[in-house]
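Hello,

Here is the structure we talked about. Please open it next to this email and follow along.

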Amino acid sequence: MTHGGSVEPALVGCLPDADHASRGTPFGHLDCVRLDFEDGRFTRTRFRRAPGAAR
C-alpha cells in the first residue's frame, strides 16, 4: 500500500518498458499494486484502488 506518490517511481524502475499512462490517475492513499516476479524479472502488475477514493 502507499500513502500516495511513492508507487509510480517504483513501477517505472521495475517495469521501464510498460505503458505507464494506461494505469490512469496517480495512486492515492491506500492504493496498491502487486508485481508478479518470475525467472528474475517482473511479469505482471495488478492494481488495487482504495474503495470510495475520489479520482
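A salt bridge here is a side-chain nitrogen of Lys or Arg within 4 Å of a carboxyl oxygen of Asp or Glu. Side chains of opposite charge can pair when their charged atoms come close. Asp-36 forms one with Arg-44, and the closest N and O atoms are 2.9 Å apart.

Two notes on the source. This is a predicted model, where local features need pLDDT of at least 70, side-chain atom pairs count only at pLDDT 80 or more, and totals for chains, interfaces and linings use all residues. Residues are numbered from 1 along each chain as its sequence is written, and side-chain values use heavy atoms, with hydrogens and water left out.

**The hairpin**

Helices (H or I, at least four residues) and strands (E, at least two) are DSSP runs, numbered from the N terminus. Two strands pair if DSSP finds at least two bridges between them. Strand S1 covers residues 32-38 and strand S2 covers residues 41-48. They run antiparallel, joined by seven bridges. Glu-38 stands opposite Arg-41 in S2. S1 and S2 form a hairpin with two residues between them. Asp-39, in the turn, has a positive phi of about 50 degrees.

**Salt bridges**

The whole structure has three salt bridges. Asp-36 also meets Arg-46, at 2.7 Å from N to O. That pair links strand S1 to strand S2, with its residues 10 apart in the chain.

For accessibility, buried means under 20% relative accessible area, exposed over 50%, and partly exposed in between (1.4 Å probe, protein chains only). Arg-44 is partly exposed at 42%. Arg-46 is partly exposed at 34%.

Arg-49 and Asp-31 also form a salt bridge, at 3.4 Å from N to O. Arg-49 lies in the segment after S2, and Asp-31 lies in the loop between helix H1 (7-14) and S1. The two are 18 residues apart. Which of them is buried? Asp-31 is, at 0% relative accessibility. Arg-49 is partly exposed at 29%.

**Aromatic rings**

Rings of Phe, Tyr and Trp (its six-membered ring) pair if their centres lie within 6.5 Å. Planes under 30 degrees apart count as stacked, over 60 as edge-to-face, and the rest as tilted. The whole structure has two aromatic pairs.

Phe-27 and Phe-47 have ring centres 5.6 Å apart and planes at 40 degrees, so this pair is tilted. Phe-27 is in the loop between H1 and S1, while Phe-47 is in strand S2, 20 residues apart. Phe-27 is buried at 5%. Phe-47 is partly exposed at 36%.

Phe-37 and Phe-42 have centres 5.0 Å apart and planes at 65 degrees, so they are edge-to-face. Phe-37 is exposed at 54%. Phe-42 is partly exposed at 27%.

Arg-49 comes up again here. Its charged end sits over the ring of Phe-27, 4.3 Å from the centre. The cut-off is NZ of Lys or CZ of Arg within 6 Å of the ring centre and within 35 degrees of the ring normal.

**The helix**

The buried residues of H1 are Val-7, Glu-8 and Leu-11. They cover an arc of only 95 degrees around the axis, which puts them on the same side of H1. The arc is taken from the directions from the helix axis to the C-beta atoms. These buried residues pack against S1 and S2, where contact means heavy atoms within 4.5 Å. The face turned away from the buried side carries the exposed residues Pro-9 and Gly-13.

Best wishes
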